[in-house]
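Biologist: Before we discuss this model, could we set it in view and then go through it one question at a time?

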Amino acid sequence: MAVRPLSLHPDRLLPADPALRAIARELYGAVCDLPIISPHGHTDPSWFSDNEPFGNPSQLLLAPDHYLYRMLYSQGVPLEALGVPSRAGPPDTDPRQAWRTFAAHFHLFRGTPSAMWLNHVFVEVFGIDVRLSARTADHYYDVIDAALKTDAFRPRALFDRFGIEFLATTESPVDSLDHHHAIASSGWGGRVVTAYRPDPVIDPEYPGFADALEAFGEITNEDVFSWKGYLEAHRVRREDFIAAGATSTDHGHPTAATADLSPADAAALFGKVVKGGADAREAELFRAQMLTEMARMSLEDGLVMQIHPGSFRNHNAALFASHGRDKGADIPTRTDYVGGLKPLLDRFGNERELGIIVFTLDESTYARELAPLAGHYPVLKLGPAWWFHDSPEGMRRFREHTTETAGFYNTVGFNDNTRAFLSIPARHDVARRVDCGFLARLVAEHRLEIDEAAELAADLACGLARSAYRIDANETMAPARRPA
């Protein structure tokens with residue numbers, strides 16, 4: 001097969017209708033170069049503290065990206081062939097051979113967001129002008145590998161080149177924040193902060209929960225085996241995260257269930273949890289209670305709360321046994337928000353100082369549940385189309401199903417939710433193009449004036465995320481603690 005050229009069409013993802021395309025092109029032209037706000041992601045803070053060169057192409061672009069090896073695994077490619085670590089450790093796989101395997105199967109990604117993101121990276125970041133295939137695999141590997149050895153491709157240089165204004169990583173209460181402190185004291189101007197993800201010490205069914213709880217007590221010097229001490233440990237650790245720049249918390253629960261137990265009942269339930277005697281129903285009740293407790297603490301310390309339920313984690317039991325978490329086997333499930341969030345909203349739903357951002361993997365809830373909830377309760381905002389729906393079609397469905405009830409200003413713009421650092425500009429570019437296309441239709445239908453659409457395009461690109469995540473307000477100091 002002949003080598004084929006690779007280029008990015010300047011009007012990609014804009015509407016096909018010429019009249020709509022002209023409007024969308026004008027809107028996109030005004031926002032395409034705005035700074036990137038990345039308030040919810042999973043990049044490695046050590047990249048930016050150490051600023052060491054990235055490894056080889058497979059290590060950087062392939063092994064960390066479960067979007068890629070999820071598809072490849074479904075087509076029979078073993079994870080070991082891609083260099084993906086198992087519980088036994090990294091496989092003895094030649095990185096170049098792993099890249100060749102990936103390149104030979106790149107056609108599997110036709111029409112997917114992964115192909116769009118990667119082609120953007122190949123063209124815009126590395127300047128490659130031929131398509132990836134088995135024939136061009138070594139060319140790609142050599143070009144990327146050579147680039148990664150230069151100072152221009154070190155993490156901080158790419159961060160600056162990408163125009164990233166703010167990037168949040170995600171750490172648990174038992175993770176070290178040393179890399180974030182090193183970034184802050186380095187003199188570099190890039191703003192990389194943490195986010196408080198307490199799942200390992202909140203979910204009794206989380207692997208290693210008992211060990212994490214023990215470490216939680218050691219880090220905070222609190223008696224985490226008493227209900228009072230456990231809650232205080234969260235407050236202590238949240239203050240540590242705020243000192244490391246955090247503006248948000250992040251909660252990946254199986255469901256959106258919340259609860260509002262009495263202090264005595266909550267303490268009794270916690271007693272069963274720490275003794276390892278909680279059954280599945282009680283574990284779910286404890287997670288539900290802790291979402292309400294986290295909301296209470298967010299009202300005290302100002303951290304914005306993110307809730308993203310609805311994933312059946314590690315659905316492939318054999319793969320989980322051999323390779324552990326986050327290997328592409330998480331599957332969306334049906335999620336109840338109206339009933340699930342009601343106990344929390346009964347307690348805190350009208351608190352204007354509290355910010356809660358809700359995500360979903362259940363698109364059937366957009367118009368029926370989430371948009372009406374966010375369109376009423378002052379505390380609620382809708383997170384963007386996320387994870388499985390982080391695609392042009394998913395983004396359009398999100399806007400179509402939520403705008404009529406929640407509007408634009410009860411949403412939070414876009415976040416990239418990625419471990420793949422080099423794909424961040426590509427993901428934001430896709431979102432900006434899709435939003436400009438959606439706004440162009442409203443202009444053409446005389447539902448928006450062009451100046452309103454231009455303001456909205458900028459807000460969707462940057463402004464809503466800055467506001468929802470309280471980015472500017474938390475830049476220099478933590479907010480004062482508010483009494484419970």
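This is a predicted model: local features need pLDDT of at least 70, side-chain atom pairs count only at pLDDT 80 or more; totals for chains, interfaces and linings use all residues.

**Side-chain pairs, a helix and pockets**

Biologist: Is Asp142 buried, exposed or partly exposed, and what is its relative accessible area?
Modeller: The classes are set by relative accessible area, with buried under 20%, exposed over 50% and partly exposed in between, for a 1.4 Å probe and protein chains only. Asp142 is therefore partly exposed, its relative accessible area being 39%.

Biologist: With which side chain does Asp142 meet in a salt bridge, and how far apart in sequence are the parts that the pair ties together?
Modeller: A salt bridge here is a side-chain nitrogen of Lys or Arg within 4 Å of a carboxyl oxygen of Asp or Glu. Asp142 meets Arg96 in this way, at 2.7 Å from N to O. Because Asp142 belongs to helix 7 (residues 137-148) and Arg96 to helix 5, the parts that they tie together are apart in sequence by 46 residues. Helices are DSSP runs of H or I of at least four residues, strands are runs of E of at least two, and both are numbered from the N terminus, while the partner asked for is Arg96.

Biologist: How far apart in sequence are the parts tied together by Arg419 and Asp326?
Modeller: These two residues form a salt bridge whose closest N and O atoms are 3.4 Å apart. Arg419 lies in the loop between helix 18 and helix 19 (424-444), and Asp326 in the loop between helix 15 (317-323) and strand 7 (331-332), so the parts that the pair ties together are separated in sequence by 93 residues.

Biologist: Which residues do salt bridges with shared partners join into one network?
Modeller: Side chains of opposite charge can pair when their charged atoms come close. The structure holds 33 salt bridges. Asp142 and Arg96 meet in one of these, and the network formed through shared partners consists of Arg96, Arg100, Asp138 and Asp142.

Biologist: Against which elements do the buried residues of helix 12 pack?
Modeller: Helix 12 (residues 227-243) has 17 residues and reaches 25 Å from its first C-alpha to its last, close to the 24 Å expected, the expected span being 1.5 Å times one less than the number of residues. Its buried residues include Trp227, Tyr230, Leu231, Phe241 and Ile242. They pack against helix 10, helix 11, strand 4 (248-251), helix 13 (263-274) and helix 14.

Biologist: Which residues does Ser172 touch, leaving aside residues up to four places away in sequence?
Modeller: Ser172 is found in the loop between strand 2 (164-168) and helix 9 (178-184), and is buried at a relative accessible area of 8%. With contact taken as heavy atoms within 4.5 Å, the residues touched by Ser172 are Arg197, Pro200 and Phe241.

Biologist: Which residues lie closest to the centre of the largest pocket?
Modeller: On a 1 Å grid over the protein atoms alone, a pocket is an open set of points where a 1.4 Å probe fits, with protein on both sides within 12 Å along at least five of seven lines, and lining residues have an atom within 4 Å of a point. The largest pocket has a volume of about 1,400 Å³, a volume being the space filled by probe spheres set on the points, which are joined across faces, edges and corners. Of its 48 lining residues, the closest to the centre are His42, Tyr206, Arg325, Asp326 and Arg419.

Biologist: Which helix supplies the largest share of the lining of the second largest pocket?
Modeller: This pocket has a volume of about 620 Å³, and of its 29 lining residues the closest to the centre are Phe106, His107, Arg110, Arg131 and Leu132. Helix 5 (95-104), helix 6 (113-125) and helix 18 (392-406) each supply at least two residues of the lining. The largest share, 4 residues, comes from helix 6.

Key
Residues are numbered from 1 along each chain as its sequence is written. Side-chain values use heavy atoms; hydrogens and water are left out.
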